[in-house]
Amino acid sequence: MDTVRFTAGEPAVSITRAEPGLWQALDDGKLAGRGEATTRPDGRVFLSIDAWHRSVFDQLAREMLAALPDPLHTVVDETDRELLDGWQQAGLTIRRREWEYVVPTDPGPVVPPPGVAFVPAGSAEEGPLRELDRVIRAEVEATVGWSEMPAEVLPRPAGDTVVDPSKYAVAVEDGEYVGLIRVVQVTRLPRIGLIAVRADRQRRGIARGLLLHTLDVLHRAGIKTASAEVNEANAAATALFEGVGARRANSTVELMRHGR
């Protein structure tokens, strides 16, 4: 499904930089569009533009890209072809794609690997959970890097990425937390935001068990489906979700300008 973003017409606008990270397009004194540059905690700068006309978008993009140093990023719903074309015409290229999956909550029985138990969301101890988060974060940074993780998984000043411990279920083995899964529900559709297992405990079915455990909890609560985003380059995550019957519903792309 393609969307129609821009209306016809080319209003004569003037572009002003209202604040260090905020640009405005004014048409005879009236706001015709705005652009923002937001620096995320990991240091990456993401751009966004809200405009009704393509010509206004192009002018805002030109001003912002001329004023800011590389690298610059933005995220676009891939069905929004006009917005995607606008950023590509401005000089950004697709860096990666993330698939949005619809995940059924009744894929089959929960069978933990031998010696592994699951602690439901809301029951995990905060201290061991944060320690596991720090271990996994360090392992990710040493391999693919946090830039390859979902956009909303961001390092925090406290040294971990745990915002609300009640949203995490964990896998326990030999008294240690070895895997975690985070589920948030800002709408009626729960969203699986992260699933990760310590490197020395991977390839034993812990991630699949955690996922099945969480889906089963949702199913027992009367929820039929959940959503999840998976980097298309992550073959293990793709196999995990498609192995429980998840189907692709949409995609987003991250675009980047590497250098002029």
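Predicted model: local features only at pLDDT ≥ 70, side-chain atom pairs only at ≥ 80, totals over all residues.

Which residues of helix α5 (residues 235–242) are buried?

Reply: Happy to. Totals for chains, interfaces and linings use all residues, and side-chain values use heavy atoms, with hydrogens and water left out.

In α5, the buried residues are Ala-237, Thr-238, Leu-240 and Phe-241. Here buried means under 20% relative accessible area, exposed means over 50%, and partly exposed lies in between (1.4 Å probe, protein chains only). Helices (H or I, at least four residues) and strands (E, at least two) are DSSP runs, numbered from the N terminus.

What lies over the buried residues? The cover includes the strands β6 (93–104), β10 (191–197), β11 (225–231) and β12 (247–257), together with the helix α4 (206–220); contact here means heavy atoms within 4.5 Å.

Arg-201 lies in the loop between β10 and α4 and Glu-173 in strand β8, so their pairing ties together parts that are 28 residues apart in sequence. Their side chains meet in a salt bridge at 2.6 Å, N to O; the term stands for a side-chain nitrogen of Lys or Arg within 4 Å of a carboxyl oxygen of Asp or Glu. In general, side chains of opposite charge can pair when their charged atoms come close. Both partners are buried: Glu-173 has a relative accessible area of 7%, and Arg-201 one of 12%.

Glu-173 has a further partner, Arg-204, again at 2.6 Å, N to O. Arg-204 is also in the loop between β10 and α4, 31 residues from Glu-173, and counts as partly exposed at 34% relative accessibility. Arg-201, for its part, also meets Glu-176 in a salt bridge of 3.3 Å, N to O. That pair links the loop between β10 and α4 to strand β9, across 25 residues. Glu-176 is partly exposed, at 36% relative accessibility. Shared partners join Glu-173, Glu-176, Arg-198, Asp-200, Arg-201 and Arg-204 into one network. By the rule above, the count comes to 22 salt bridges.

Asp-174 is in the loop between β8 (168–173) and β9 (176–184). Asp-174 has a positive phi of about 55° although it is not a glycine, and it is exposed, with a relative accessible area of 68%. Most residues other than glycine have a negative phi, and most peptide bonds are trans.

Another aspartate with a positive phi is Asp-28, near 55°. Asp-28 lies in the loop between β2 (22–27) and β3 (30–39) and is exposed, at 74% relative accessible area. The peptide bond that joins Asp-70 and Pro-71 is cis, with omega about 0°. Pro-71 belongs to the loop between α1 (54–67) and β5 (72–77).

Methods
Residues numbered from 1 in each chain as written.
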